[in-house]
Amino acid sequence: MSTTSPTKVLVIDDSNTIRRSAEMFLRQAGYEVILAEDGFDALAKISDHQPQVIFVDIMMPRLDGYQTCALIKQNTLLKSTPVIMLSSKDGVFDRARGRLAGSDRYLTTPFTKEALIEAVEQTLKLVLNPPAAVSS
């Protein structure tokens, strides 16, 4: 029997509906879920819980998703933690801006359970098995 603890996933979203949906889907898949209402709330919870994957909504009051992602990626202890942007906007500009902020992936809302779980699994797979560096 494995004694490893479940993967911790942080969901940062000002929408209670999105937070609760994500929490229900992720818990059903066996993940430990931490919820935060905005970027400031999340920053405190990140240091306390050290999640392996972070979902962050783009449109939030006080500290938006781009700013939150950038702060996470600027922290030397957190910069390797994958960040998946959540947004109802699916434009090229929005995705590019997310990449510039340091996001690893982009998921549009509303999401299905399958899309959410797949985003976590694919992201974790990349973290655990990064593409081989090209040697010269």
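Q: Which residues are exposed on the other side of H5?
A: Exposed means over 50% relative accessible area, buried under 20%, and partly exposed in between (1.4 Å probe, protein chains only). Helices (H or I, at least four residues) and strands (E, at least two) are DSSP runs numbered from the N terminus. In this case Glu114 and Leu126 are exposed on the other side of H5. The model is predicted: local features need pLDDT of at least 70, side-chain atom pairs count only at pLDDT 80 or more, and totals for chains, interfaces and linings use all residues. Residues are numbered from 1 along each chain as its sequence is written, and side-chain values use heavy atoms, leaving out hydrogens and water.

Q: Which residues of H5 are buried, and what covers them?
A: The buried residues are Leu116, Ile117, Ala119, Val120, Thr123 and Leu124. They line one face of H5, because they fall within an arc of 155 degrees seen down its axis; the arc is that of the directions from the helix axis to the C-beta atoms. Their cover includes E1, H1, E3, strand E4 (83–87) and strand E5 (105–108), where contact means heavy atoms within 4.5 Å.

Q: How does one read the burial of helix H2 (residues 39–49)?
A: One lists the residues, then looks at their directions. Gly39, Ala42 and Ile46 are the buried residues of H2. They cover an arc of only 50 degrees around the axis, which puts them on the same side of H2. Ser47 and Asp48, on the other side, are exposed. The buried residues pack against E1, E2, strand E3 (53–57) and helix H3 (65–74).

Q: In which sense do E1 and E2 pair?
A: Two strands pair if DSSP finds at least two bridges between them. Strand E1 (residues 8–12) and E2 are parallel, with five bridges, and valine 11 stands opposite leucine 35 in E2. E2 (residues 32–36) is largely enclosed by the rest of the structure, because four of its five residues are buried.

Q: What unit do E1, helix H1 (residues 16–28) and E2 make?
A: A crossover is right-handed if, with the strands pointing away from the viewer, the path from the first strand over the helix to the second runs clockwise. Here E1, H1 and E2 form a right-handed β-α-β unit.
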